[in-house]
Structures are given as structure tokens and as C-alpha cells.
Amino acid sequence: MAIKWSKTLLSTLRDDPQEAEIPSHKLMLRAGLIRKLSGGLYIFTPLGHRALRKVQNIIREEMDAAGAQEILMPALQPIELWERSGRANQMGASMFRLKDRLDRTMVLGPTHEEVVTDYITKEISSYRQLPCTVYQIQTKFRDEIRPRFGLMRSKEFIMKDAYSFDVSMEAADDSYKAMYDAYVKIFKRCGLIAKPVEADTGAIGGNHSHEFMALAPSGEDGILDCEACGYAANQERAERKIAGSKYNEYAGEPEEVPTPGAHTVSESAAAVGVPDDQIVKSLIYIADGKPVMAIVEGTRELNECKLRRFLGCMELELADDETAAKVAGPFGSIGPIDVNIPVYADVGLRGAKDVVVGANKDGFHIKHIDLEKHAKITAWADIATVVEGDCCPVCGAPLRIARGIEVGHVFKLGTKYTKAFDSTFLDADAKSNIMIMGCYGIGVTRTVQAVIEQNFDKDGIIWPSSVSPCQVTVLPLDAAKSEECAAATDKLVQELEASGIDVLVDDRDERPGVKFKDADLIGCTIRVVVGTRSLQQGGVEVRVRKTGDSSLVPLDNAAEQIASLLKQF
RNA sequence: CGGGGUGUAGCGCAGUCUGGUAGCGCGUUUGGUUCGGGACCAAAAGGUCACGGGUUCGAAUCCCGUCACCCCGACCA
């Protein structure tokens, strides 16, 4: 199909909008793909919507090919379902709630585990109906604390969410694998480099998950990966090979040292006269309302995600100074000795016999501490954040770090929801069993932007043909004055349409320079220039946006050549 | 919610310190000249200077408050 610029609601911007920070967001606004309604809410313009639909269609094709069935569930849902799963509180303020005219509380669905589980439970009663995977492409609502980067994190976004139901863990593994494989294909077809990594399961729950991370410097997540063995994980859950503390030899009896005015690890280390990593960093957290202490090496970051998972708590937040002082010591001098709250020590501190801790007394630390001997460690746990250069937990090689945009996430949920909804089926022996569930999400709108984040240059977007709003843009330069040019353009566009190629024709009465700049900015995969000059030289100019390579092609061969180029880019 | 920043025409900005009744570039409209990498000339449309209150003869500008948006953190596709 062909669309004419002059008949399309399409305008480009010459300058970067001040509101946008990252390249893809700037480019989407400049190329006229989206317009902002308000914070975290965007309109897809005719052109932007075309790209969005192409991504959706790729997802549909691969979901269907993987045996998933498309359904559509309501965005508006009764709160009761969420109370049943226990997530009404857990989702907290990030779930939009409203009342209907009968004063019943409804929510705008942030996700659909509850609805789908309710539906499937009522629908399926026999093992003969399993396995079953359903999916939908639908708008989700999340009252994000901070929407940002345009479509990257918005209050309303389009998600493809799929849910699998199986008779057993083993069968569920197959369903999971099918979705995982489909995701690999989907992102590849979209022209995205998306890396599957081990991930934290967060509020969705379950015990095992992979995220698909589109690599980009603007990504919100850190990803650690091992070149040697292929291990890859989100920083939220990445592990490291533990060597244990290097301060593992007795060096004397505990001794209080004055460290006046020292609040940070570095200041304390300097005051005591030891390296930073010999200091033990002690942090007080409130876990589901109860104070706990977590300790790590002074040079490491504590990983709240890992701590939360280890503790199995819903809420975890750093205690304020006042609370910390009450249960342990003043800010800057907190330590694990003689405290009456649980102390969780990072495994990196194992074997530490000569470290420095806060004395729980303003302006004092204690040196020569043997953690096992002098502190009551409630449990040793892997709760530190892994950083670049740490050793791979699988093979020991040094880990690398990169940034990634989470475009997809697949979860093995087990029975978290099916138990709550009593989702049972009768097996071949007429015995009742609980279904095993999995869930699988793709941020569709986010994926569109991620494609741009990975495919642009100084002139604009470089669309892969699979998702380009139009595969080809045709620039007639002299159509108004030259009948030959107008006729050649018509012929070419007709032939392209006949070959199933979609075309944007820039039929505006603009100077060539303007058309070139806009074509580069919008970035359709192939650009064709039809001008009197090229026609005199024997044809039209076909240029690949990505490489900049252009060649003069006789009009009669153009459609065919373009079709073949589209397969490559 | 904590920290930082910005609100002046569709977009990008100046003017705010030192109050005097709003300006530039781009875009838009009309006419003309141009026409292969964001042309030129001429004319024009478009602004309750985020909002509310205060100070003042007079406020975009000073004071108080509110809101919106953007960035850094916790949340997530």
C-alpha cells in the first residue's frame, strides 16, 4: 500500500524537543511518530502506528506459530480477583483503582494473571484440554512512580501477554521453552539485539525467569555476562564466585578506635588507617515492618533485590537514621556487634577475622573483628551487588557489564495463581491436580522504541524493513514540472504496491534538500529518488538508509531490486 | 516520596539579576523568485509570559503558594 505525505497527518521537527533525553525518544518525536498527551501518555501518529502494528503482527505470527491462541481480556477488572490472589495490596499504588456507579472498586489491569487464571479455571477441567497457552495484545495501565523516556516507561502501554497452563512441571518447562524460543525469533525479526538473561521475578512471582534485554546505553538495567561460558544475568540477581574475605587472619583482639566525624566508608577507613574494603558496611532495613541489619564489604553495594528475595519479604526499605540509631547505632557508626536484631551477612565476608565495624557509638569503630566470633550472624547470604570484573559463578572468568532495556520477560510461575484460584483438572486416573502456570510478556510499545534506540545515526532513524513504517520512501523531485518524472513515480509506486511493498511518497511541494533530510530522519529502509536528472541517466536512484549505498536502477527493474534489498535490511 | 532543573507562539530559545505593558530563529498562511542535501524577498496569522494570590501608579520580571513537565533514586514490559 502507498501513502502520500500530503494526505498524511505527518510533521517533522527540526530541533530536538527539550523534553526528550535519549536518542530514540528525541527521534520518535522529531520524526513525528508519537506526540505527548501528558506525562507517560502518548499518541501514536499514523506513521508511528504503522511501525507499532508491524511489531504487533510479528508477535502475532510467532505466537500463533508457537501454538498460542489469541484472546482479548478486559482492561477493567473487579478488585475481588486481586484480593483473591493476594496482590491487591502488593501492587499498591501502582495499580489504578476506580469505582463504578454502584461504588464497586475496579482496577485498570496492570497485568492479567488473575483474569486469565479465573477464565481458564472455569474453562478447563480435563487433562485432555492441556497444555493450553493463550495470549493477548492489549493496553496495560500502571501508575508508574516515574514515567520516563517516552514509551520506555509509560503509564499506559501495550503489552503482549501470554499465559500457559500445564499438567506438570515437566510439561510446563516445554511451554516455557516454546515461548522462550518464540521470543528469540520475535526480537530477531524486529531487528533487535536482545539478550536473554536470568532475572528477578519481582511482583509477578514464581521461581524462575528470563528477561530479554535490548542492549543500549540508555537501558535502565545492568546486565552481567560471561564471555567464556555464556552466563548472563540481570544485576538485580546476578551472582559471583565467592572467594571469601581476604582479611581472614587473626591480627589482635578487638579494639575501639575513635573515628570522629567519619560517616562514609572511605572516611572511616581513613580514620582507622585501613583500606576501604576492610571496613564492614552495616545497613539497617525495615523488612515488612521489622528492622534487620545487612552487612557487606565496604567497597560493595548491598543489593536490595537479592536481600528481599532472601528474606522473602514484600516490602523492604532502608531505615531512616532515627530508627537505625534506635536499633543499632548512629549513622556512620553502625555495626553488627551486640545488636538485638537479625544480622544478615554477605557471603563475601565469610571467614573475615580482621575487619573493622561501627561501634554503635557516635565517632567510634572497632577493629580486629572476627565476624563469626564477635558478631551474631543470623544467616550468611548472597546479598551484594555483582559488578564488572567479579568472577562468573559458573566458570570463574571475569564478568562484563552492559546496559539493557527489558523488552520481554518469561516466568515459570508454578502454582502461585492456580492454587489461589483453585485451578484444578482431572488427570487420566480421574484424580484432581493443580495446573502449572507460566506467563510471558513483551512490552510492545517499548519494543518499537528499543528498535530505534539500537538503529539510528546522526541523521535519524534507520528502520529494519520488518518494522519500518513504510518499507520504501519515494521522493519525486520534479513531478510538478516534469510529466516524465510524474509518470515514472506513478509506475514505480504501482509496481511496488503490486509486489506487496508499502511506500511513503513524499509528494509535497518542497525543495529536494528538505525531502532528503526528512527521509533520513524518518528512516524508511529504502529511499528512491525519482528526478529528471536520474531519469536522464537512465533510471531512479535507490539508496539503502542503513549503509548509504545508492545505485542507479532502470525503472523497469526497480521494484524487483528493491524487493531483494528489503530482504537484506 | 526524597534530591536537582525547567515552564514565554506549533518547535527551539532570548528577555527575569536592574519592574515601564513581549521579542528572535524555525515552522504555518499568501504572493513572487528559486529547485539534487533543511533557499531568498515581501506581507500576514499566532502569546490570559503555567496557574492563583500579594507588593506596586505599573509585574514575564519582585514576594508567597499551587500545578505541570524533565532528570537522578525505589517500581517494572
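Q: What are patches made of here?
A: Patches are made of residues with over 30% relative accessible area and no salt bridge, where like charges are joined within 9 Å. A salt bridge is a side-chain nitrogen of Lys or Arg within 4 Å of a carboxyl oxygen of Asp or Glu. Asp and Glu count as negative.

Q: Which residues form the negative surface patch?
A: Asp288, Glu315, Glu317, Asp320, Asp321 and Glu322 form it.

Q: Before going on, what kind of model is this?
A: This is a predicted model, in which local features need pLDDT of at least 70 and side-chain atom pairs count only at pLDDT 80 or more, while totals for chains, interfaces and linings use all residues. Residues are numbered from 1 along each chain as its sequence is written, chains are lettered from A and ligands numbered from 1 in the order in which they are written, and side-chain values use heavy atoms, with hydrogens and water left out.

Q: Is Glu315 buried or exposed?
A: Glu315 is exposed, at a relative accessible area of 59%. Exposed means over 50%, buried under 20%, and partly exposed in between, with a 1.4 Å probe and protein chains only.

Q: On the backbone, which peptide bond is cis?
A: The bond from Leu130 to Pro131 is cis, with omega near 0°. Pro131 is in the loop between helix H5 (113–123) and strand S8 (132–141).

Q: What is the phi of Asp338?
A: Asp338 has a positive phi of about 55°, although it is not a glycine. Asp338 lies in the loop between helix H9 (321–327) and strand S18 (343–346), and is exposed, with a relative accessible area of 72%.

Q: What about Asp422, and where does it lie?
A: Asp422 is in the loop between helix H11 (416–420) and strand S23 (424–426). The phi of Asp422 is also positive, near 55°, and Asp422 counts as partly exposed at 49% relative accessibility.

Technical notes. Helices (H or I, at least four residues) and strands (E, at least two) are DSSP runs, numbered from the N terminus. Patches are made of residues with over 30% relative accessible area and no salt bridge: like charges are joined within 9 Å, nonpolar side chains (Val, Leu, Ile, Met, Phe, Trp, Tyr) within 5 Å. Accessible areas come from the Shrake-Rupley method with a 1.4 Å probe; for residues, only the protein chains shown count as cover. The place of a charge is taken as NZ of Lys, CZ of Arg, CG of Asp or CD of Glu.
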